[in-house]
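Have the structure open while you read.

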Amino acid sequence: MFVVWNSKKVIAVLLILIAAELTLCGILLAGRLPAKKTTLIDFTVVLDAGHGGIDGGVVGADGVKESDLNLEYAKTLQRIFERAGFNVVLTRKTSGGLYGLPTKGFKSRDMSERKRIIDEASPNLMISIHMNKFSQSYRSGPQVFFQQGKEQGQLLADSLQKVFNDFTGKDRQALAGDYYVCRETNCPAVIVECGFLSNEQECRALQTEEYREQICNLIFNGTMLYLYAD
Ligand SMILES: [Zn+2]
C-alpha cells in the first residue's frame, strides 16, 4: 500500500533518525575520549597578552596594533603549551581590555584585573607578551625583560634570551626593570617583546603565521631550558 506522508511526519522521522545517529556517535566517541579534559603536568603557565581594548599598545607603520598581535601570539603559545601537557590560563582572551566599561582610569583597572586573574590561577610561571618600538627603525629581534631583584624571573629571562639569541645571531642580554605584572606576580615572571613594529620588515614578518609559530616555539623552548637546566 502506498502511504502518503505529510511533511510533519517526514520531519518527525528525520529527527528520530538524526537523534539515533548522534547517540551512536556519542557512544563510539565516549569509548575513545577521556571522560574529562586532563593535563599531563600539574604545572600552570599564565600567558598575558599585553594591552587590549582602547589601549592598542604600539602601532606598526601599516597600522597593525600591538594588542591584536599580542593576543594571537598568546593563543598560539597556549596551543603549544597545552599540547605539551601544561595547564594554561590566559589573562586576556578577546580583543577587549580588562578594565570594564568606564574608560576613565582604565589602565590601573586593567592592570589590577590582570593581577587578580594571575593570583587566582596561582601559576608556576607567567609570560607577558608584547611588541616593541624604537625611534631608530633598524632595531629588530626579540628582547626579554624581568623584574629587578627577582632571581627566578631573571633565570627564566636569561634562558629565553639565550634561545632567541641563538635564533637571531644577536648578543643581547635580558634586561631588568620595574614592571607591574612581573613585580606583582609571585612566580618567575617575564615580559617578552617579540619584535619591533617600528622595523618595517620585522613588522611584516611578525604578522605571518610562520614567524609567529617560530617565535612561539622559541618561547616554549626557552621555558624548557629554564625548567630543565641544572
Ligand atoms: Zn606593550
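## Helix H7: the outward face

On the face of H7 turned away from its buried side, you'll find the exposed residues Glu210 and Tyr228. Here a residue is buried if 20 or more other C-beta atoms lie within 10 Å of its own, exposed if 12 or fewer, and partly exposed in between, with C-beta atoms placed from the backbone. Helices (H or I, at least four residues) and strands (E, at least two) are DSSP runs, numbered from the N terminus.

This is a predicted model: local features need pLDDT of at least 70, side-chain atom pairs count only at pLDDT 80 or more, and totals for chains, interfaces and linings use all residues. Residues are numbered from 1 along each chain as its sequence is written.

## Helix H7: the buried face

The buried residues of H7 are Ile215, Cys216, Ile219, Phe220, Gly222, Thr223 and Tyr226. Down the helix axis they fall within an arc of 160°, so they line one face of H7. (The arc is that of the directions from the helix axis to the C-beta atoms.)

## Helix H3

In H3, the buried residues are Asp110, Arg114 and Ile118. Their arc, seen down the axis, is within 70°, so these residues also line one face of the helix. Over on the other side of H3, Ser108, Arg116 and Glu120 are exposed.
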